Amino acid sequence: MSLWDAVAGLTVKVDGYALQRRESKTPSDWTRVTTTVVLDGDGARGEGEDVTYDAAMHDGVPNDLMLAGTWSVDDLSHRLDEEESLAEGFRRWAFESAALDLALRQNEVGFGEAFEREERPVRFVVSTRAEPERWLEVAPQLEFKLDAEKDWDRELLARLRALDRVRVVDLKAYYRGTSVDLAPDPELYRAIVEELPDVVIEDAWLEDGLREALAGAEDRLSFDGPIHSLADLDALPLEPRWLNIKPSRFGTVRELLGTSEACEERGIRMYGGGQYELGPGRPQIQRLASAFYPEGPNDVAPAAYNEGEPREGLPQSPLPPRTEPGLS
């Protein structure tokens, strides 16, 4: 039985739904906006989070879809296929994850339990552009995922290597028109490969001579930005040994589980990725990690890490597992 088959037949009763908008000012003076979809039915509620980055698009989340009825999870997903307003993957995931959350709660089934998997403690890394030393002063055991920057030199890389706390470096080669774009640079790539010999290298550009700059690091390459489906994974010019799983990129539960299953079959190691969730999306990506890749360098740190400067008292890795019904 496939992973999708394990949940596709679950019954879910929907009476209606509501939308909850959330906003948060980030330390970089950017206002993050997300919308939580709350499905209710039979005295229970299921939640999912639309993490669309364009704040203006949250004014257009549909609030009048006809979803009431008793469905299987599979049938409700096909019903959502009919809605053009849900064509964008992040928005579709909000409704899909809310439906799965509600189905699990109504059937009194935990997320891992649905797949006959033990939910285990979740190792997490902290994603930051701040100097990791500042965090290590207050929490010496933290591990990190760092976004590479164009001014990184070998001296800085040697300092990072000496810390032995950096687990993933993100090269951001597939972003366009954002504040985090990083133009592919063979010298930077080569320096990272040589100076950080143990880190996972995420979203490197593989064309225009850049693949040669990554020689020797093929088993450390990972992808995130270009992967929205199993077809995207299959279309890569190489089969990576790592994959960053951001559930909302996949749009549907079926696509997420199908890609995850293929990774397990092919020996591709997975780890979770976050998208500055403000609501139920954050605990959901932690729970997915707990069932499928608890020991990976999961970029699913508690939301408090996004809310200010390094400070004591924050939750530490690993996060304890949860077993209660639902996905959230």
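In the residue classes used here, Ala, Val, Leu, Ile, Met, Phe, Trp, Tyr, Cys and Pro count as nonpolar, Asp, Glu, Lys and Arg as charged, and the others, Gly among them, as polar. The model is predicted: local features need pLDDT of at least 70, side-chain atom pairs count only at pLDDT 80 or more, and totals for chains, interfaces and linings use all residues. Residues are numbered from 1 along each chain as its sequence is written, and side-chain values use heavy atoms, with hydrogens and water left out.

**Second largest cavity**
- A cavity is a set of points on a 1 Å grid over the protein atoms alone where a 1.4 Å probe fits but cannot get out, and lining residues have an atom within 4 Å of a point.
- The second largest cavity has a volume of about 40 Å³, where volume is the space filled by probe spheres set on grid points joined across faces, edges and corners.
- Its lining is made up of Val-73, Leu-76, Ser-77, Leu-80, Glu-96, Ala-99, Leu-100 and Val-253.
- By class, this lining has six nonpolar, one polar and one charged residues.
- α2 gives the largest share of the lining, four residues; helices are DSSP runs of H or I of at least four residues, numbered from the N terminus.

**Largest cavity**
- The largest cavity holds about 100 Å³ of space.
- Among its 13 lining residues, Trp-93, Ser-248, Glu-277, Gly-281 and Ile-285 are the closest to the centre.
- The largest share, four residues, comes from α12.

**Helix α11**
- Residues 253-266 form α11, which has 14 residues.
- Buried residues (under 20% relative accessible area, 1.4 Å probe, protein chains only) in α11 include Val-253 and Cys-263.

Methods:
Helix = DSSP H or I, 4+ residues; strand = E, 2+ residues; numbered from the N terminus. Expected span 1.5 Å × (residues − 1). Buried < 20%, exposed > 50% of the residue type's maximum accessible area, 1.4 Å probe, protein only. 1 Å grid on protein atoms, 1.4 Å probe; cavity = no way out; pocket = protein on both sides within 12 Å on 5 of 7 lines; lining within 4 Å.
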